[in-house]
Amino acid sequence: MRLATAANEAYTASLAVSELLGCKQCGGGRGRTRKASGLDHERLKLEAVERVEIIFELGIRIPRPLGHGPSRFIPEKEILQVGSEDAQMHTLFADSFAALGRLDNITLVMVFHPQYLESFLKTQHYLLQMDGPLPLHYRHYIGIMGLLKAEEHSWSLAELVHAVVLLTHYHSLASFTFGCGISPEIHCDGGHTFRPPSVSNYCFCDITNGNHSVDEMQVNSAGNVSVSDSFFEVEALMEKMRQLQECRDEEEASQEEMASRFEIEKRESMFVFSSDDEEATPARDVSRHFEDTSYGYKDFSRHGMHVPTFRVQDYCWEDHGYSLVNRLYPDVGQLIDEKFHIAYNLTYNTMAMHKDVDTSMLRRAIWNYIHCMFGIRYDDYDYGEINQLLDRSFKVYIKTVVCTPEKVTKRMYDSFWRQFKHSEKVHVNLLLIEARMQAELLYALRAITRYMT
Amino acid sequence: MEKMSRVTTALGGSALTGRTMHCHLDAPANAISVCRDAAQVVVAGRSIFKIYAIEEEQFVEKLNLRVGRKPSLNLSCADVVWHQMDENLLATAATNGVVVTWNLGRPSRNKQDQLFTEHKRTVNKVCFHPTEAHVLLSGSQDGFMKCFDLRRKDSVSTFSGEALGGQSESVRDVQFSIRDYFTFASTFENGNVQLWDIRRPDRCERMFTAHNGPVFCCDWHPEDRGWLATGGRDKMVKVWDMTTHRAKEVHCVQTIASVARVKWRPECRHHLATCSMMVDHNIYVWDVRRPFVPAAMFEEHRDVTTGIAWRHPHDPSFLLSGSKDSTLCQHLFRDASQPVERANPEGLCYGLFGDLAFAAKESLVATESGRKPYTGDRRHPIFFKRKLDPAEPFAGLASSALSVFEMEPGTGSMSWFVDTAERYALAGRPLAELCDHNAKVARELGRNQVAQTWTMLRIIYCSPGLVPATNLNHSVGKGSSCGLPLMNSFNLKDMAPGLGSETRLDRSKGDTRSDTVLLDSSATLITNEDNEETEGSDVPADYLLGDVEGEEDELYLLDPEHAHSEEPEYVLPQEAFPLRHEIVDTPPGPEHLQDKADSPHVSGSEADAASLVPMDSSFSLISVSHALYDSRLPPDFFSALVCDMLRFYAEQGDVQMAVSVLIVLGERVRKDIDEQTQEHWYTSYIDLLQRFCLWNVSNQVVKLSTSRAISCLNQASTTLHVNCSHCKRPMSSRGWVCDRCHRCASMCAVCHHVVKGLFVWPRYGPGAPVAVAEEERCTVERRADLSYAEFMQHYAFSRPVILQGLTDNSRFRVLCSRERLLASFGDSVVRLSTANTYSYRKVDLPFQEYVEQMLHPQDPLSMGNDTLYFFGDNNFTEWASLFRHYSPPPFGLLGTTPAYSFGIAGAGSGVPFHWHGPGFSEVIYGRKRWFLYPPEKTPEFHPNKTTLAWLRDTYPALAPSARPLECTIQAGEVLYFPDRWWHATLNLDTSVFISTFLS
C-alpha cells in the first residue's frame, strides 16, 4: 500500500520533471515555441530556467534530446523556419501548443500542409477528448493498440465504430510517423539520453539508419551526383502525365484489359518489397502487447487466399461509410469526411521545380494504388496509369509505409522522387495515410453494415 | 370514388390493377425505371439488367439485356432510365463512366445501341428529355454533365459543375424540368444545386446550397411548375420554390437516414416518396406539410432500397421499388402501414406553479377515469388553441382531451426531498452506520416510517454480529446461567462457554501465541461460519488487538476468507470496537480495562465512539431479545420482504428511499430485483435529483449504482462550460485559452503555467512546484448592493461577505500600477514582515528592491517564517499621497476607527491562519484567495508553514464538513471578515491589496 503510494509519487514527480524539460526545451533557444507567442514566452522561459535550477539543486539527472529535429528523414533546417510561418500556421501552432503544452514532432512536420493539419488535429481532438461512446481510457488504450496493430474486441455498434475509427486513425498515424521518420518525443524511449553529449556519438534512436550525420553527408553527395538524373525523372513523369491526359480519349482499352490491369497491379503490389527487407527492424518493446507475435500485415494472395475485389461503386465512403459513422458516432463522419476531402484535393499545383501543374492525375494514381493494394477497385479507373506514373522505388516506399511502416528506412525515403521537395514528400504521406485510413474504414464499415442488415 | 374515376380517365379507360407483390432478382438492383405503358419495369444493377412485365399477380421476366459471354463493365449500371415517349428506348449509366443507350426494337439479341465514353468517371445519373425524343442528359462523378443528341455520336454540349475556384464537384443527379423545355437541375456532392438552360453550357442560370453534404437526388414536381424536391446525405428532404428570384425552401422533411431517392407522388400535390442509401430499408411517403410522421411506410425490403418509381404518372396507388436485397416489389398504397395510426398523441407540460397539463387522445382519457376533459378557465385562455386547418390530412386524428392537474398551495414543498438527498449517507461506512445515520436523518425530518425502515434494515442485516457480542457478555456476566445456546463462533468449538470467554479475554490482552494455539483446531470452521456475519465477526478484531499494528491490507491478508466476504465496503477495525467496549463492562478485570485504554486504537479513535452512539438502550433490548432467532436466519431470509418494501416505496412515489436502500444494501438485495426495475428507479431518482439541481448527489448515485446502464451515464455527455476570466465570455474551443482576448484564462499562481483542469488539484511530487488551481468553490456570499442596515444585521457580527460595487477605486487602481508605484515610491523604505502566523521578524528594504527582487512567486518549499512579505507597517506620511485616493468601504462599526494596511505580494504568497479584529480587504490588482473559519473552529495548521503548503498538504484531506469558508476576491471586490475569524490568504496572482482594519 505504502509502496504503491510512493511509486505513484515518484511517477508524478517524473511527469513533472519531464514537463519541465519540455519547457526547457522550448525556452532553451531552439526557437520552437516562439511561434506560439500568444503565450508569454519570455516568462515561460525565465521560469523554466528557474525551475531547472531547482532540479539541479535536487540532483535530478537531466535527459538530453537525441536526434536532430522532428524528423530523421528531413533535415532540421528544412522544417523549422523561425518566423516564416503564416497566420494560419501560427494559429495552428498556438492551438497545438495549447493542447499539449509543447509542439510534438508530428505537428512540426505536418505543418508543411497547414490546411490538412488543422483538420487532422481537430479530428484527433474529437476522437480522443470529446463526447463519444467509449470512455477516455479505452480510447487511449485502443489508440496504443492501433499503433501496435492489435485488434480489439467489440462492444456495442457505437463503441465498435468509435474503436474502428480510432484504430484506423492510429494505423494511419503510425504510417505517417514512420513514413516521415518522425523522431521520438523527448519523453519517449529513444527520445532522450542521460549520457553527456561527448561520451559517444552512437544514437540508439537511429537504429534503422545508422549514424545520422554520416547519412546526411551521403544524401548530400548522392544528391549532387544525381541532380541531372532526378531532374529528368521529374521531366519524364510530367511528360507521361501529359501523354496520358492526351491519349486518354483516343486509346480505348477493352474491358478485359482494364480488369486485368487492376489484377496485375494488385498482384504486383504484393511482391513489391524493398531489398532492405533484411535490415534489422527496430527491436521495439511492444511484443509484450501481442498474444500472437506473428501478427502483422499479411499479403492476402501470397497465402493462396483469394479475396474478392471490393468495388467502390458498391460501397464507398461518401455514400455509405459516412452515413454509418455519422449515425453511430455523430459528427465524426463529418470530420473524417472533411479530412479525406482535404487530403485528396490538396494541391499547390507544383511538382518539384515546376509550377502550375495539374497534379490530380498523379494524386489519383497514388490514392488508387493504395486502395488497389487493399483490393479496392474503382470501376472508372484505368490501372495502367499507375504503372506509368509510379516507379518502383516509389511503390516500394508506398507499400512499406502503408503495410509495414516500421520497416521504412531513410534510404527508401530518399530514393523516391529525388528531386521533389520535402514538403511534397510529406504531402505524399498525407495521401498515403488518408487512403489507408479510408481503405481500412471501408472494410470495417462494410462488415458492420452487413452485420446490421 | 371520385379519385378512382379520375384515374380511369387519366389512364385512358383502363385502370391499373394489381396487388402488393415482389419477385426475386438474381442480383442487387441499383436502379429501376418504368415504361410509359405502366406494364413493364426495367431493373439495373452491377450484374443485372432485365425487363419485367408487371402482371396482375406477379412479375414476369421478359427480357435479359445482359448478353454476351464476358460481362463488361459497361453493363455495370449505376442508373437506368426508360424514355417516357418511346417504349423502345432506354439509357443506362455505367460505373466505369460509359453512357449506353438501348433500342428494344433491334432485331438481334443484343439491344445495345450507342456507347458514349466521354465521361472519365462513374456516371451517376441519366435522364431523357420529357418531350424531346433524342435528347439525353448525363451527370458524372467527374463533375461534368453532358447532353447527347442520340442521332449524333458525340455529346452536343458539356456543362461543368465547377464552382468558382476550380474544384469540380461530382454530379449526383440531373433532372429535366417537366414544364420548362430548356431547363434542367443538377445536384452536387458539395451540397449545391444548379439550374441550367440547355442552350447555355457556359454558365448555370442559378446555383444555391441546398444541403449540408452531398445532394443525392432531386425531382421536379409534376404539376407545380417551380417546385423541386431535393434529398441529401444530411437526412433532409427539402422542397424548393424555384419561381421566385432566389430559391426558397418551402418545406423540409427530416428523415432518419440519408435520402437516396425522392419521387413526387402522382395526383397528390404534397406527397413524395423517399428511400435511403444506408441503414434504413423502408420506403416512406411523406406529406411535406407534416414533416414529422410519414404518411405511409412500406417495409417489405430487407436491405436498402435503391430505386423507386411510381408505376403510372397519374396513378398514386402503385409504387415499384428495387433493392440491394435482390428483390423487385410492387407496393400498393392501401397496404402501406401508416405510422400515424400507431401513434398515441400525448402531450405533457408543467406550468410555472407546478400545474400539470396533459393532453391525450380523447378515447384514452375519457375511458380511464371518467374524468371530464379540461375545458379551460381564465388562467389558460382558450385563444391559445391553434385553429385547425380542415385541409390538413391529420385533423381528424388529432382531436384530444386536455386535463390540467393543479397544485394545491403548500403541497409543493419538496424540501424534505432535498434535505434527505443531501444528508443521506450511501456509502463509505459500514452498513450499520449508514442505516443509523439515515434513520437519524429521516427522523429529524419527521419521516418516521422511513426512519423505522432504516432501523429495521439495520437489525436485519447488521445485528447478528453485534448481538452475539452482547449476548456473550451477558452470559459471561451471569455465569452462563441463562443456558441459551450462544451463537458466537466460540460455541462451535465445543468448549464450555466459560472457557470460550476466557480465551477471548486472553487474546484481547494481546497474547498472540496462545491465540494461535487455541484457534488452531477450529480456525477454518470459525471463519467459514462467520462468513455470513462478517459485520460482527470478532476474529479480525482480535488480531487488531494483538500486537499486529498492521494496516488493513495486512489484516485481510491474514484472513483471506474475509477478503472475499460479501460486504466489500465493510471496514474491519471500526466494526470490531463495539465488542471491546462491551467487554469493558464485564467483571473479568479492571486491569483489562487499563490494558485497553493504553491501546492507541481505542483511546485515539473517534470512530469507536461514533459507531457506538446509535446503540441506544431500547435498541440493544430488541437485539438481545430477538438475537436467538436472528442467529438462525440468514440475512437473505428477509430479502424478499425487503424487496417488497422497496417496491412499496417506489410505488408510493418515494423512489428516493428505494434507490437509497438499494445502494446501501448493495449486493444483499440487488440480485432479487430485476435489472430493469432497478434501472427504472435509478433513472427516476436521478431525474428528480437533477430537477432540484442536486448535481453532486445525482452524480454520487450514478457512481454508486451497480447497474451498467446507469453508471455509464457518467461516462458520456459531461460537458464543462468555462467562461474566460477576463472577458467573461464562454470559451468554446478549449477550456483554458480564450479565443477572443487571446489569453489564458487561468494561470498557475506559482509557475504561471496554464491551469487546464480547474477542477483538479495538481499533485506533484516533492520538490516540484505546486500549481495552485483557482477552484471555482466559493462559499462566501457575494452581495452587490448591500445596505448598511442589512450589513449590520446579517454580517457585521456573524459572517464574512464579499461586497461588490460599493466604492469606485479606479483612480487609486491607476496609481497602484507597477510603474506609478515605482516612480513615486521606488526609493521609500518599506518594512517587510515574515509570512507566518506570528510575524515578528521585520526587514526594511527600499520599495524598488522589494518589487524587483522579492516579488517572485512563492517557493513552495520555503517556510512561511522565511518568506518576506510587504503588508502593513506602512509609513503613512510617506505614502499619504497614495492613500488619500483610496475610498474605503462605507461601512463602519461602532467604536472602531479604520486603519489601512497596504501590501503588494507575489503569486502564491499569503499569510497562514491567524485572526484579529474585524475589517475589510480589497484587491486592487490580481486575485486573492481567502480561507476562513469562525472563531470557535480553530483550523488545523502549522503556524510557520505557508498557506500554499497548507493548501497542498492539509486542505485536500479535509472532510467536507471541515472545510473552511473560501472565496477568491477579484480586483475591485471587498471582503468583510468579522471579529476574530480565523483566516488564511493566498495571492493567486501578483497582487496589490489594501485592508481596512476596524479597531
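At 7% relative accessibility, Asp337(A) counts as buried, because the cut-off for that class is under 20%. The model is a predicted one. In it, the side chain of Asp337(A) forms a salt bridge with that of Arg233(B), at 2.7 Å from N to O.

**Salt bridge between the chains**

- Asp337(A) belongs to helix H13 (residues 332–345) of chain A, while Arg233(B) sits in the loop between strand S19 (227–232) and strand S20 (236–241) of chain B, so the pair joins two chains.
- Arg233(B) is buried as well, its relative accessible area being 3%.

**Other salt bridges**

- Over all chains, the structure holds 45 salt bridges.
- Arg447(B) and Asp654(B) are paired through their side chains at 2.7 Å, N to O.
- This pair links distant parts of the chain, 207 residues apart: Arg447(B) is in the loop between helix H5 (431–444) and helix H6 (448–477) of chain B, and Asp654(B) is in the loop between helix H18 (639–652) and helix H19 (655–665) of chain B.
- Arg447(B) is buried at 13% relative accessible area, and Asp654(B) is buried at 11% relative accessibility.
- A further salt bridge connects the side chains of Arg151(B) and Asp149(B), with an N to O distance of 2.9 Å.
- In that pair, Arg151(B) is exposed at 57% relative accessibility, whereas Asp149(B) is buried at 15%.
- A network of salt bridges links Arg311(A), Asp314(A), Asp379(A) and Arg46(B).

**Chain B as a whole**

- Chain B contains 29 helices and 45 strands.
- Of the 999 residues in chain B, 51% are buried.
- The accessible surface of chain B is about 46800 Å², and carbon and sulfur atoms account for 53% of this surface.
- When contacts in chain B between residues at least 6 apart in sequence are considered, 59% join residues at least 24 apart.

**Helix H16 of chain A**

- Helix H16 (residues 392–403) of chain A has 12 residues, which at 1.5 Å a residue should span 16 Å; the end C-alpha atoms are 16 Å apart, in agreement with that value.
- Because 10 of its 12 residues are buried, H16(A) is largely enclosed by the rest of the structure.
- The buried residues of H16(A) include Phe394(A), Tyr397(A), Ile398(A) and Cys403(A), and also Lys395(A) and Lys399(A).
- Among the elements covering the buried residues of H16(A) are helix H8 (157–179), helix H11 (255–271), helix H14 (360–373) and helix H18 (422–452) of chain A.

**Val109(A)**

- Val109(A) lies in helix H5 (residues 105–110) of chain A and is buried, with 0% relative accessibility.
- Beyond its neighbours within four places in sequence, Val109(A) is in contact with Pro70(A), Ser71(A), Ile74(A), Ile79(A), Phe176(A), Cys180(A), Ile182(A) and Val426(A).
- Val109(A) and Thr177(A) are separated by 68 residues in sequence, and their C-alpha atoms are 9.6 Å apart in space.

**Ser828(B)**

- Ser828(B) occupies the loop between helix H26 (818–825) and strand S36 (829–834) of chain B.
- The relative accessible area of Ser828(B) is 8%, and the residue is therefore buried.
- Apart from neighbours within four places in sequence, the contacts of Ser828(B) are Leu845(B), Pro846(B), Phe847(B), Glu878(B) and Trp879(B).

Methods
Residues numbered from 1 in each chain as written. Chains lettered and ligands numbered in written order. Predicted model: local features only at pLDDT ≥ 70, side-chain atom pairs only at ≥ 80, totals over all residues. Heavy atoms only, no water. Helix = DSSP H or I, 4+ residues; strand = E, 2+ residues; numbered from the N terminus. Buried < 20%, exposed > 50% of the residue type's maximum accessible area, 1.4 Å probe, protein only. Contact = heavy atoms within 4.5 Å. Areas by Shrake-Rupley, 256 points an atom, 1.4 Å probe, with all protein chains shown as cover. Expected span 1.5 Å × (residues − 1). Salt bridge = Lys/Arg side-chain N within 4 Å of Asp/Glu carboxyl O.
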